[in-house]
Amino acid sequence: MKKFLKKIVYYLVLITIILEILVRLCYLGKDTPSRWVDSYQVEKWKPNQQGMSVTGNRRQNFSKYNINKAGFNSYREFIPSPHATEVALVGDSYIQGFHQDYTNSIGKKIEQQLPTVAIYEYGYAGYDFADQMHLIDAYKNDFKHIDHVIIYIKFSEDLQRGIYNVRIERLALESPKNKLLRSSKLLLYAKNIGVLDPPKRWIRRMLSYLTPSAPQKTSNTSEQKKIKPQKEINYLENFKQLVSTYHYNKQRYTLLLDTADTPALFLTYLKEHQFPYIDINEVLAPAIQPTTLIYDQHWNDHGRTLIAGQIATYLQKILP
């Protein structure tokens, strides 16, 4: 019996090692860059990292990223100068662009149409409007040399708070447990494709029996109808608070948004108070080819090309 158990353990270890090697050779597990918070309390990627971003259980997306010295995914370093024409793109994972080779980013596409303009992509997954405003303020010595700033914003996700603070939950991804997970490509791959989900659900179910949760209150239909308008009002107030706190510059800043996903309340406020914005729905809606990836709503290469063209056209009109 002991020999049998030893053989089982031996073969399990051997199979695990072989699978780990196969996952690494086939590049099925993604390289997740490390996060950090700098001395200005700006959360971003640790500088000077390179790797491959992999999505899906069949490598549906496989692209290179390059974290520059500033801590953002870009093919260039950010060296703002009063003697050059420069534009900053500030946003979340849509601007970060891990779904595309860093050499074929939105910024690169814009530069191909505007060769005399340098595009700096300050993109970081999870950034909301508070993160973006804090970043611009924290790096004010750099941004004062940048000719124009384009800020990507999604109303339903990016205005849930009116005060900036470091997101502790994102930094928890740098815990020893998560670092250990990232050290094994096999374990990371198994997690990403959902192999670990059934045992997790089973554990949660067992725990729920031991610690039953309190009964949830049900809301009637009329109460539910009130929630959305109130949430929109709260988000608008958060926007007002942030633009006031950080002295939003309407002459140098332009919002990048999709009017199809933006409530009329916010659009009306922007127009009445003369906040310039670029509506990406103008180029995405009429597109015949798909503009987003198959497995999520991030823009694909075609969508990024359309948006880059729209931004380039806008910049041609406003830049000296």
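Modeller: Asp128, Asp131, Arg161, Arg167 and Glu169 are linked in a network of salt bridges. This is a predicted model, in which local features need pLDDT of at least 70 and side-chain atom pairs count only at pLDDT 80 or more, while totals for chains, interfaces and linings use all residues. Residues are numbered from 1 along each chain as its sequence is written, and side-chain values use heavy atoms, with hydrogens and water left out.

Biologist: Why is the pair of Asp128 and Arg161 called a salt bridge?

Modeller: The term asks for a side-chain nitrogen of Lys or Arg within 4 Å of a carboxyl oxygen of Asp or Glu. The closest N and O atoms of Asp128 and Arg161 are 2.7 Å apart, so the pair meets the definition. This pair links distant parts of the chain, 33 residues apart, with Asp128 in the loop between S6 and helix H4 (129–138) and Arg161 in the loop between helix H6 (155–158) and helix H7 (168–171). The names H and S stand for DSSP runs numbered from the N terminus, helices being H or I with at least four residues and strands being E with at least two.

Biologist: Are Asp128 and Arg161 buried or exposed, and how do you know?

Modeller: A residue is called buried under 20% relative accessible area, exposed over 50% and partly exposed in between (1.4 Å probe, protein chains only). Asp128 has 2%, so Asp128 counts as buried, and Arg161, with 10%, is buried as well. Asp131 is likewise buried.

Biologist: What makes the ring pair of Tyr40 and Tyr139 edge-to-face?

Modeller: Rings of Phe, Tyr and Trp (its six-membered ring) pair if their centres lie within 6.5 Å, and planes under 30 degrees apart count as stacked, over 60 as edge-to-face and the rest as tilted. The structure has 23 aromatic pairs. In the pair of Tyr40 and Tyr139 the centres are 5.7 Å apart and the planes stand at 85°, so the pair is edge-to-face. Tyr40 lies in the loop between strand S1 (35–37) and strand S2 (43–45), and Tyr139 in the loop between H4 and helix H5 (140–143), so parts that are 99 residues apart in sequence are tied together. Tyr40, at 48% relative accessible area, is partly exposed, whereas Tyr139, at 11%, is buried.

Modeller: For contrast, Phe155 and Phe266 have 5.0 Å from centre to centre and 40° between their planes, and this aromatic pair is tilted. Phe155 in helix H6 and Phe266 in helix H12 (residues 264–272) are 111 residues apart. Phe155 is buried, with a relative accessible area of 5%, and Phe266 is buried with 1%. Both belong to one aromatic cluster, whose members include Tyr235, Phe239 and Phe275.

Biologist: Why is strand S6 described as largely enclosed?

Modeller: Of the 7 residues of S6 (residues 117–123), 7 are buried, so the rest of the structure largely encloses this strand. In a regular strand the side chains alternate between the two faces of the sheet. Both faces of S6 are covered, with Val117, Ile119, Glu121 and Gly123 buried on one side and Ala118, Tyr120 and Tyr122 buried on the other.

Biologist: How do you know that the charge of Lys108 sits over a ring?

Modeller: The definition needs NZ of Lys or CZ of Arg within 6 Å of the ring centre and within 35 degrees of the ring normal. The charged end of Lys108 is placed over the ring of Tyr75, 4.3 Å from its centre. Lys108 lies in helix H3 (residues 106–113) and is partly exposed, with a relative accessible area of 25%. Leaving aside neighbours within four places in sequence, Lys108 is in contact (heavy atoms within 4.5 Å) with Tyr75, Thr103 and Glu121.
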